[in-house]
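Open the structure in your viewer and get ready to select residues by number. We will go stop by stop.

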Amino acid sequence: MPLLGGVRPPIAALLCALLAVAAFTAFGLGTVHEQDVPQAFRDAERRIAEDAADSVGTAIDTRAAAVRHAASDAPAGSRTPAALLRSLLPTGHPAGGGVLLDPHTGRPLATSGETVPLTGVDVPALVRSDTAKIAPRLVLSSRGEPRLLLFARVAAPAPGAKQDENNDQTGDQTGDLRTEQNDEKNELLLVVSEKLAAPAVYGVGRTGQLVDRNGKVLATAATPGTAPALRTDHHDLPAAATHAATTANAGLHTDDVSGSVVGDGHDGLRGVTGWASVAAADGKGDSAGLGLTVLTLREVPPAKEGADHTWFALVAAGGLVLIAVLVTLVLWGGMQRALLRLHLSAARLARAASQAPMSGNELARPVPFVAFGEPGRVGRALESIRRQLLGETGPEPVRPVRLRPGVRALVLVCALVIAAWGAPLLFLLNRVPAAEAVPQATVADQQARTEAAADRVRRSLGRSCTDLAAAASALSGAPRERATEVLRRAHADHPTFRSLYVVDRTGAIVLRVGKQPLRALDHAPTGEGIAQVNTSGSIPAIAAYAQVPATRKPKDAKGAKDSKDAAPAVVVAEIGVNALNSLVAREGLGNVWLTDDRHRVLAASVGFQAFQALPHRGLTRLVARTEAAPGSTGTPASAVLRAGAAPGEGPSVAAAAPLAQKGPIAGLGWRVVSAEPAAALKLAAFQLQARTMLAGLLALSVGIACLGWLHIVVVRPLRAVTRCAEQLAGGDRRTVLYPVHHDECGSVTRSLELLRQALVDRDRGGGSAQMATVPAPSFQRGGPPQQ
């Protein structure tokens with residue numbers, strides 16, 4: 001019967017696996033080279049461009065939605081176009097100019113502010129379009145400056161309205177409006193012209209530019225520090241950036257929306273340019289069709305030329321090859337060769353004992369055996385059985401020397417030799433302190449992105465307060481049905497609002513839409529702002545509030561004015577924690593937390609418990625460095641921490657940035673804190689460390705796996721065979737031996753059972769004649785080959 005499995009497959013697998021690990025070590029470690037500009041710099045600049053593009057896109061979408069909401073909320077009635085336009089563009093509005101157009105002729109009915117450039121705008125076509133909203137457009141003003149046009153449909157004033165004497169229309173705009181207003185359901189077209197804001201960039205020496213699909217610069221921003229101007233004509237704009245802008249303008253989906261390039265060096269510096277399309281990857285939003293791209297540039301010093309790791313890789317790989325060969329030779333000589341000898345010798349004795357008459361030539365040959373471990377003990381037991389079959393001696397109990405090493409010790413020594421190579425790579429070699437391995441430019445980029453995250457939270461909270469103030473104005477003097485409709489619309493337009501409610505001067509809720517507040521304000525605050533309602537509990541409660549303008553009571557019958565105004569009310573919007581979590585989360589920034597003035601977590605990009613402390617003392621100390629005197633802004637801070645954000649995590653690059661101490665969030669003392677594991681940065685030092693650890697882990701894994709396999713299929717069965725052989729040689733004739741595996745140990749077990757039957761017949765006095773009548777067991781058919 002052919003042998004299946006046994007000692008050879010584990011040894012062969014161990015040799016092949018160790019050679020494969022050696023090849024990985026040579027190529028994996030040898031190909032790690034220090035780049036002039038590390039990949040971490042390019043990835044960080046790409047992320048910074050994405051943050052700036054997201055800020056620009058959000059601002060455009062917000063302004064376009066605000067113009068449409070203002071147009072839809074315009075009260076119907078007999079108002080002149082000029083008065084209607086003034087109500088849509090109140091004083092202090094950021095718009096550069098506005099105009100109301102007749103939808104049939106495109107003639108201006110009322111204008112405000114700077115002249116709105118309408119060259120190339122087909123007004124009737126825009127009005128006739130079936131789309132619910134008209135997409136913004138980029139045009140050039142009469143001075144050649146870029147302007148963003150925002151559109152909205154407005155209900156036309158009732159016919160017969162008188163012209164306002166104080167309107168700012170020109171002479172040709174004050175004529176008879178009956179032609180334009182012959183239908184009460186007619187709609188006017190509101191066009192708002194705005195300047196394009198420069199992208200918000202952070203970090204010393206960084207420049208940001210907003211360009212169109214042709215590479216023309218529309219707006220530029222620069223942070224403190226020297227930074228050269230970006231060359232952004234159509235030919236110098238990265239081809240991928242142009243492609244992204246074109247596909248976004250066509251409304252197509254593309255995953256290629258950002259990237260980075262490395263420019264030529266001068267004065268010992270290299271320029272790294274990041275770019276990102278303002279349009280979202282899904283092609284949705286008002287900014288999707290504008291074809292805008294944000295470019296950012298920062299010059300960084302080239303990385304110092306690191307040591308060549310090829311020699312280390314070759315030495316380590318060569319050492320592992322030598323260990324693989326030595327371990328294979330030791331296992332081949334100490335186990336495989338000895339087991340094959342036992343297999344052949346036991347088969348020869350069983351075949352000789354089964355023959356009639358007994359083959360004296362086969363039994364006359366001594367059993368060769370080694371003097372090591374279990375193979376030697378089995379060989380001595382077979383020799384004793386051979387002599388018993390010849391009648392030279394009786395049972396001779398074999399007493400093994402337990403203190404001598406066996407095959408188990410041999411396997412353990414091989415494992416230790418492999419561990420002596422893998423453990424240093426896994427725990428000791430190619431370790432560089434994080435403070436030395438992380439360039440200062442990478443730390444500055446982490447701080448810049450954290451400042452951008454803080455700005456994103458600040459802008460979102462500011463928009464919430466602004467929109468809530470507009471809703472509060474609409475609630476002034478409105479009946480309950482109208483007030484409920486205003487709250488429902490504001491709640492639907494702001495997914496960040498978990499609940500909207502109105503409280504009176506006593507703090508009682510008089511009107512509510514949305515979910516039940518987690519914790520309502522216990523009093524009616526004055527003015528408008530953001531409040532942290534609770535400081536404990538399972539969910540942070542954060543509310544934006546705005547006071548509803550009070551209406552005065554009319555004079556009484558005597559003509560005396562009432563001394564008291566109508567009871568003031570405050571509209572409150574509870575901001576959901578999930579909305580804050582999505583604001584701070586940003587790809588490539590690591591773990592991000594929003595903390596209160598006591599450095600307790602209010603929101604995070606990872607799982608957290610409300611009001612828990614930051615996960616590491618180093619982060620708390622870093623946040624404390626951002627604190628400043630009351631009323632001041634505070635200073636961002638960054639550092640390389642020895643411990644990461646999670647237990648057992650390695651060094652991390654951390655940064656903290658305060659929210660501004662002015663505006664609606666003044667006095668909150670909130671901070672945005674981030675921590676990115678240093679190992680996640682694409683730096684040569686960490687890549688080498690990771691691959692070194694991987695090589696050591698692979699060596700230990702394959703060594704344990706293959707040697708464990710060898711222990712299961714060979715060592716344990718061989719120890720059992722050794723006990724059976726020694727018991728049979730010592731006179732145990734009653735224990736029947738059952739082979740389990742079709743390998744060397746199973747073959748020796750089958751042969752021992754045949755020898756046991758032969759010894760039983762000899763002890764009964766059957767002799768050679770009876771041996772001839774002993775039937776061969778079924779598992780002996782097709783017996784083992786001869787030696």
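## Stop 1: a loop residue

Select N430, which sits in the loop between α9 and α10 (434-437). One reminder as you start: this is a predicted model. Look at the backbone of N430. Its phi is near 55°, a positive value in a residue other than glycine. Is N430 buried, partly exposed or exposed? Its relative accessibility is 21%, so N430 counts as partly exposed. The cut-off matters here, because buried means under 20% relative accessible area.

## Stop 2: another loop residue

Now select F611. Find it in the loop between β17 (601-604) and α14 (617-624). F611 is not a glycine, yet its phi is positive, about 65°. Is F611 buried or exposed? With a relative accessible area of 10%, F611 is buried.

## Stop 3: two packed helices

Two packed helices are described by the angle between their axes and the distance between the axes. Select helix α6, residues 310-354, and helix α15, residues 684-729. At what angle do α6 and α15 pack? The angle is about 40°, and the axes are 12 Å apart. That is why α6 is described as oblique to α15. The crossing of α6 and α15 is left-handed.

Next, show the side chains where the helices meet. From α6, pick L331, M335 and L339. From α15, pick L707, L710, V714, V715 and L718. What kinds of residue make the contact of α6 with α15? Eight are nonpolar, with no polar and no charged residues.

## Stop 4

Now center on W421. Leaving out residues up to four places away in sequence, W421 touches V21, T25, A316, G319, L320, I323, A695, G696 and A699.

## Stop 4

How values were computed. Residues are numbered from 1 along each chain as its sequence is written. This is a predicted model: local features need pLDDT of at least 70, side-chain atom pairs count only at pLDDT 80 or more; totals for chains, interfaces and linings use all residues. Side-chain values use heavy atoms; hydrogens and water are left out. Axes are lines fitted to C-alpha atoms, for helices over the stretch in contact, and angles run from 0 to 180 degrees between N-to-C directions. Helices (H or I, at least four residues) and strands (E, at least two) are DSSP runs, numbered from the N terminus. Angles under 35 degrees count as roughly parallel, over 145 as roughly antiparallel, 65 to 115 as roughly perpendicular and the rest as oblique. A crossing is left-handed if the near helix is turned anticlockwise from the far one by less than a right angle, and right-handed if clockwise. Contact means heavy atoms within 4.5 Å. Ala, Val, Leu, Ile, Met, Phe, Trp, Tyr, Cys and Pro count as nonpolar, Asp, Glu, Lys and Arg as charged, and the others, Gly among them, as polar. Buried means under 20% relative accessible area, exposed over 50%, partly exposed in between (1.4 Å probe, protein chains only).
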